[in-house]
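Open the structure in your viewer and keep the selection tool handy.

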Amino acid sequence: MSEAPLGIGVLGAGYWGPNLIRNVAACPDARLAAVCDANEAALAKQRAQYPDARFHARLEALLEDPGVEAVIVATPARRHAEHALAVLRSGRHALVEKPLASSSAATRELVIEARHRKLTLMVGHTFLHNNVVAKVREILASGALGEVLYLYSQRLNLGQVRHDVDALWNLAPHDISIAGFLLDARPVRVQATGLSYIRREQGIADVSFFTLHYENGVAAHGHVSWLDPLKVRQHVVVGSRRMLVYDDMSRDAPITIYDKSVEKDFLQPFSSFAEFSTRIRAGDVERPAIALEEPLAEEIRHFVRSVRSARPPRTDGIHGMEVVLILEALSRSMATGGGEVAVDYSSIPLP
Ligand SMILES: NC(=O)c1ccc[n+]([C@@H]2O[C@H](COP(=O)([O-])OP(=O)(O)OC[C@H]3O[C@@H](n4cnc5c(N)ncnc54)[C@H](O)[C@@H]3O)[C@@H](O)[C@H]2O)c1
């Protein structure tokens with residue numbers, strides 16, 4: 001593996017780009033080679049902080065910059081396909097923000113282009129580089145919760161309203177990728193409903209409720225919204241013996257395990273509340289100690305390692321395409337008012 005820091009250019013220095021820029025600049029294995037944004041004010045802010053990098057207003061100029069070996073695409077979702085394709089065609093590795101593109105056909109084109117050119121294509125599903133999510137997966141795999149019965153997640157806030165995609169496509173990529181990672185499976189059927197308030201005339205859903213059905217009968221339910229009084233980022237896993245809550249908003253103890261379940265005779269007739277109470281097991285509450293690390297830092301390190309080793313990243317193009325196929329099926333379900341839709345993975349290019 002080469003020791004030279006990887007020269008990375010970041011395309012898009014709007015709301016999210018500066019977080020990526022900061023982590024690239026702090027990564028010992030990477031070098032912030034360049035930043036590109038069409039908005040001069042956004043560029044000026046970064047120029048003041050990173051005087052050693054080069055700055056470009058046009059993607060073409062970024063892709064002519066000889067110091068740029070890889071590009072992070074942090075432009076609005078609708079532009080990902082066009083921008084990522086240009087990056088790959090210029091011979092650069094690409095880390096693309098989520099969702100990988102706004103259609104599965106476009107994600108397929110990216111996967112094929114990257115393969116053809118032997119380049120790394122990775123999607124920014126940040127939570128799969130989060131050590132807390134990794135810990136939740138480890139707990140589930142250890143069988144500590146018993147059999148996983150169902151999951152649900154909430155990703156809610158007031159804002160940030162997107163202009164190019166609905167709340168489902170903006171927020172649910174995280175929850176879809178987390179559920180798949182925790183269950184080590186991909187859903188076979190999905191359902192979704194959407195509600196439009198802020199963008200009713202454009203028919204863009206601000207709130208969405210969805211369900212991912214897995215082959216083994218487990219379901220992952222999700223609620224995403226940019227029109228909610230609370231900022232919530234939570235996953236609950238209900239197991240046959242224990243239940244787990246992962247609260248991404250908690251800095252000190254993001255995982256709580258409840259030693260709770262119902263006994264086998266739960267549904268038998270009972271004569272008193274005291275008798276009924278004995279059928280619910282409520283033991284200790286455990287909060288495993290876990291050191292908080294910035295997931296974006298690990299995401300960047302993982303990207304660099306993947307480029308250097310030529311091994312597919314955990315969140316590679318195929319993973320990004322699977323999530324987009326699931327989003328498309330969810331959108332189809334939403335259009336029918338919530339009917340079940342099968343997810344068809346057959347367009348994924350064979351290895
Ligand atoms: N992983 C996460 O948790 C997370 C969080 C927030 C946003 N995001 C993703 O980050 C991406 C960007 O989101 P944002 O909120 O920063 O958007 P934004 O609109 O605030 O910023 C996008 C920037 O891209 C620039 N841009 C667009 N087209 C360009 C072009 N052709 N050439 C040069 N510059 C161009 C714009 O000028 C703007 O500054 C989205 O894909 C979003 O889904 C990810």
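**First stop: the ligand**

Select Lys98 and show its backbone: a polar backbone atom of Lys98 is 2.9 Å from an oxygen atom of the ligand. Taken alone, the ligand exposes 860 Å², and the protein buries 82% of that. Please keep in mind throughout the tour that this is a predicted model.

In Asp37, a side-chain N or O atom is 2.6 Å from an oxygen atom of the ligand. In His83, a side-chain N or O atom is 3.2 Å from a nitrogen atom of the ligand.

How many residues surround the ligand? There are 21, and the closest are Trp16, Asp37, His80, Lys98 and Arg162. Colour this shell by class and you will find seven nonpolar, nine polar and five charged residues.

The peptide bond joining Lys98 and Pro99 is cis, with omega about -10°. Pro99 sits in the loop between strand S5 (93-97) and H5.

Next, select Gly159 and Gln160. The peptide bond between them is cis as well, with omega near -10°. For Gln160, look in the loop between strand S7 (148-158) and helix H7 (167-183).

Then go to Asp184, in the loop between H7 and strand S8 (189-195). Asp184 is not a glycine, yet its phi is positive, about 55°.

Select helix H4 (residues 80-89) and helix H5 (residues 104-117). Their axes come within 10 Å and cross at roughly 10°, so H4 and H5 are roughly parallel to each other. To see the contact, show Ala81, Ala84, Leu85, Leu88 and Arg89 on H4, together with Ala106, Glu109, Leu110, Glu113, Ala114 and Arg117 on H5. By class, this contact has seven nonpolar, no polar and four charged residues.

**Last stop: H5 against H10**

From H5, show Ser104, Thr107, Arg108, Val111 and Arg115; they meet Gly317, Ile318, Met321, Val324, Leu325 and Glu328 of H10. Coloured by class, the contact of H5 with H10 has five nonpolar, three polar and three charged residues.

Key. Residues numbered from 1 in each chain as written. Predicted model: local features only at pLDDT ≥ 70, side-chain atom pairs only at ≥ 80, totals over all residues. Heavy atoms only, no water. Near = heavy atom within 4 Å. Polar contact = N/O pair within 3.5 Å; in protein donor to acceptor, adjacent residues only side chain to side chain. Areas by Shrake-Rupley, 256 points an atom, 1.4 Å probe, with all protein chains shown as cover. Nonpolar A, V, L, I, M, F, W, Y, C, P; charged D, E, K, R; others polar. Axes fitted to C-alpha atoms, helices over the stretch in contact; angles between N-to-C directions. Helix = DSSP H or I, 4+ residues; strand = E, 2+ residues; numbered from the N terminus. Parallel < 35°, antiparallel > 145°, perpendicular 65-115°, else oblique. Contact = heavy atoms within 4.5 Å.
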